[in-house]
Amino acid sequence: MPLKTFLRPLLPLLGAAWLLSGCASGGGSNASVGGTATYRERMMLPPGAVFEARLLDVSLADAPSVTLGSTRVVDPRVPLSFSIAYDPARIQARHRYIVSASIRLNEQLLFITDTAHPVLGDSGVQQVELLLKRVEPARP
């Protein structure tokens, strides 16, 4: 039997599977928050440094925050523009959400945000400007 004849009955099934896969992933319903990140120090980051920004649900005072999305950039240059994709179905009207960021080198923390940057929720903010603070290395 020629391959063309064999594949013809499978085409409708493949098309249906493709359409259903789009529905299962939310059909393109992902949203994002973003912004820029920088620091005041006049220095270049060492090669291999990694910037990470996370969208966090910080609603519960007695529980750890929940990460709803994150982004990583290897060898970042500041000011850095970033975008964090998240699933809008996970956003709840009365919850509090923030963006937090850090820069690390080989798991050693170099810079971090030290203030909360609210997004979504009541504020409706979707873009933030992050000023990261330098972290002094621990003394032995």
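**Ser102 and its surroundings**

Leaving aside residues up to four places away in sequence, Ser102 is in contact with Val50, Phe51, Glu52, Leu109, Phe111, Ile112 and Leu132. The model is a predicted one. Ser102 itself sits in strand S5. Its relative accessibility is 9%, and Ser102 is therefore classed as buried, the cut-off being under 20%.

The model has 2 aromatic pairs. In one of them, the ring centres of Tyr39 and Phe111 are 4.2 Å apart and the planes meet at 20 degrees, so this pair is stacked. The limit for that class is an angle under 30 degrees. Tyr39 belongs to strand S1 (residues 31-39) and Phe111 to strand S6 (residues 108-112), so the pair ties together parts 72 residues apart in sequence. Tyr39 has a relative accessible area of 7% and is buried. Phe111 is buried too, with a relative accessible area of 1%.

The other pair is made by Phe51 and Phe82, and it is tilted, with 5.7 Å from centre to centre and 50 degrees between the planes. This pair also links distant parts of the chain: Phe51 lies in strand S2 (residues 50-57) and Phe82 in strand S4 (residues 80-86), 31 residues apart. For Phe51 the relative accessible area is 1%, which makes this residue buried. Phe82, at 8%, is buried as well.

The largest pocket holds about 160 Å³ of space. Its lining is made up of 13 residues, and those nearest its centre are His95, Arg96, Tyr97, Pro118 and Val119. Strand S5 (97-105) and strand S7 (118-119) are the elements that give two or more residues to this lining. Strand S5 is also where Ser102 is found. By type, the lining of the largest pocket consists of 7 nonpolar, 3 polar and 3 charged residues.

Terms used:
Residues are numbered from 1 along each chain as its sequence is written. This is a predicted model: local features need pLDDT of at least 70, side-chain atom pairs count only at pLDDT 80 or more; totals for chains, interfaces and linings use all residues. Side-chain values use heavy atoms; hydrogens and water are left out. Rings of Phe, Tyr and Trp (its six-membered ring) pair if their centres lie within 6.5 Å; planes under 30 degrees apart count as stacked, over 60 as edge-to-face and the rest as tilted. Helices (H or I, at least four residues) and strands (E, at least two) are DSSP runs, numbered from the N terminus. Buried means under 20% relative accessible area, exposed over 50%, partly exposed in between (1.4 Å probe, protein chains only). On a 1 Å grid over the protein atoms alone, a cavity is a set of points where a 1.4 Å probe fits but cannot get out, and a pocket is an open set with protein on both sides within 12 Å along at least five of seven lines; lining residues have an atom within 4 Å of a point. Grid points are joined across faces, edges and corners, and a volume is the space filled by probe spheres set on the points. Ala, Val, Leu, Ile, Met, Phe, Trp, Tyr, Cys and Pro count as nonpolar, Asp, Glu, Lys and Arg as charged, and the others, Gly among them, as polar. Contact means heavy atoms within 4.5 Å.
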